[in-house]
Amino acid sequence: MRNQSVCVGTETTELPSGVYQLKLPFPKNPMGAGSSLGYVLAYLVEIEGGFALIDTGWNDKVTLDSLVKQLGDLGIGFTDIRYVLVTHHHLDHLGLAGEIRKRSGGKLAMHSLELPGTIKDFYTSLSVAPSDWFSDWLWRQGMGEADLKALPSAQSGMDKFLPPTPVDIVINGSETFRDGLADLEAVWTPGHSPGHVCIYDWKRKILFAGDHVLPRITPHIALQPHVGGNPLGDYIDSLTKMEKMDVCLVLPAHEQAFTDLSGRIAELLEHHHVRLNEVISTLESGHKLAYEVCADVTWGSGAWAKISPWDRQMSLFETLAHLEHLQSQGKVESFEEKGRTYYRLK
Ligand SMILES: [Zn+2]
Ligand SMILES: [Zn+2]
């Protein structure tokens, strides 16, 4: 199954020459203490006439100061950055893109499904009216009043971390870049977000994986009101397509570098397979709200009763993604009752 013959005997997580890792801190993370992701790993890749920067970090002075210092230590100036490639719109990846674009004059590239104009509307609407439409949506999935009340303070003000910025190169699918970026390809990997891309350095056989494949954490696959579709189905397809990629080194945006891409993909596919079966089991006793399904499945963060409201919300998004995928497979169906959405086995 694996196609990594080119790497045999040379598997190492050391960065090859011309590739640099930047460890960008995640200060005042509004996701709170529940987040285990203390920093974002951005990467500089040497290209013709300068560097491409992959991901940018949180929009905060502490992160920017750290970026300035790390660039200085490497002897690289902002104006050496010719391209800024953002894997997806999440605030820890896109946050500083506008500032870096301004300072460097580099071209910003993102997938069309991640463009700030579209995505910012979601964060703005959360900030303006966190207790209205979004709470209604959560309530329909079964979230109770106490958990709903605990949420708005954690969510308001998210938009300030995502200032609008023009995008110079719009990626529309898996495609090879041109000009100075000719050694890099964008690999469209929807799932974690609709327009997530990994960046593949086909000469060095390196995959810059963003949040698509992480070595230990299972990437968050969420069905949210502004995303829709079948994100888990997309994710499983994206992982499956990647199993045979010729990759010697994976450089993710969190945790650490690793070499066994196909092995990690197999683990992630198995995780979702087990979770899908678990969700089916919880519905064997009768129809349930998505939030009730959440309470019945096992979570790595511990017993449901002890999970924070924020993490419960994240769990709800993930459970909805599993329920939606089961619906698309014809195994589960939903129905409305008294304004709420229930799920049952078909
Ligand atoms: Zn992300
Ligand atoms: Zn991330």
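Reply: In this predicted model, strand S3 (residues 50-54) and strand S4 run parallel and are joined by four bridges.

Me: Which residue of S4 is the bridge partner of Phe51?

Reply: Strands S3 and S4 run parallel. Within this pairing, the partner of Phe51 in S4 is Ile81.

Me: How many of the five residues of strand S4 are buried?

Reply: A residue counts as buried if 20 or more other C-beta atoms lie within 10 Å of its own. Strand S4 spans residues 81-85 and is mostly covered. The number of its residues that are buried is four.

Me: How are the axes of helix H9 and helix H11 oriented towards each other?

Reply: Helix H9 covers residues 261-282 and helix H11 residues 309-328, and their axes lie 10 Å apart. The packing angle is about 85°. Angles of 65 to 115 degrees fall into one class, and therefore H9 and H11 are roughly perpendicular.

Me: How many residues of the contact of H9 with H11 are nonpolar?

Reply: From H9, Arg275, Leu276, Val279 and Ile280 take part, meeting Thr319, His322, Leu323, His325 and Leu326 of H11. Of the residues in this contact, one is charged and three are polar, while the number that are nonpolar is five.

Me: Over which residues is the pLDDT below 50?

Reply: The chain averages a pLDDT of 87, and 86% of the residues score at least 70. Where pLDDT is low, the predicted coordinates should not be read in detail. One stretch, with eight contacts beyond near neighbours in sequence, has a pLDDT below 50: residues 1-5.

Key:
Residues are numbered from 1 along each chain as its sequence is written. Chains are lettered from A and ligands numbered from 1 in the order in which they are written. This is a predicted model: local features need pLDDT of at least 70, side-chain atom pairs count only at pLDDT 80 or more; totals for chains, interfaces and linings use all residues. Axes are lines fitted to C-alpha atoms, for helices over the stretch in contact, and angles run from 0 to 180 degrees between N-to-C directions. Helices (H or I, at least four residues) and strands (E, at least two) are DSSP runs, numbered from the N terminus. Angles under 35 degrees count as roughly parallel, over 145 as roughly antiparallel, 65 to 115 as roughly perpendicular and the rest as oblique. Two residues are in contact if their C-beta atoms, placed from the backbone, lie within 7 Å. Ala, Val, Leu, Ile, Met, Phe, Trp, Tyr, Cys and Pro count as nonpolar, Asp, Glu, Lys and Arg as charged, and the others, Gly among them, as polar. pLDDT is the predictor's confidence in each residue, from 0 to 100. A residue is buried if 20 or more other C-beta atoms lie within 10 Å of its own, exposed if 12 or fewer, and partly exposed in between; C-beta atoms are placed from the backbone. Two strands pair if DSSP finds at least two bridges between them.
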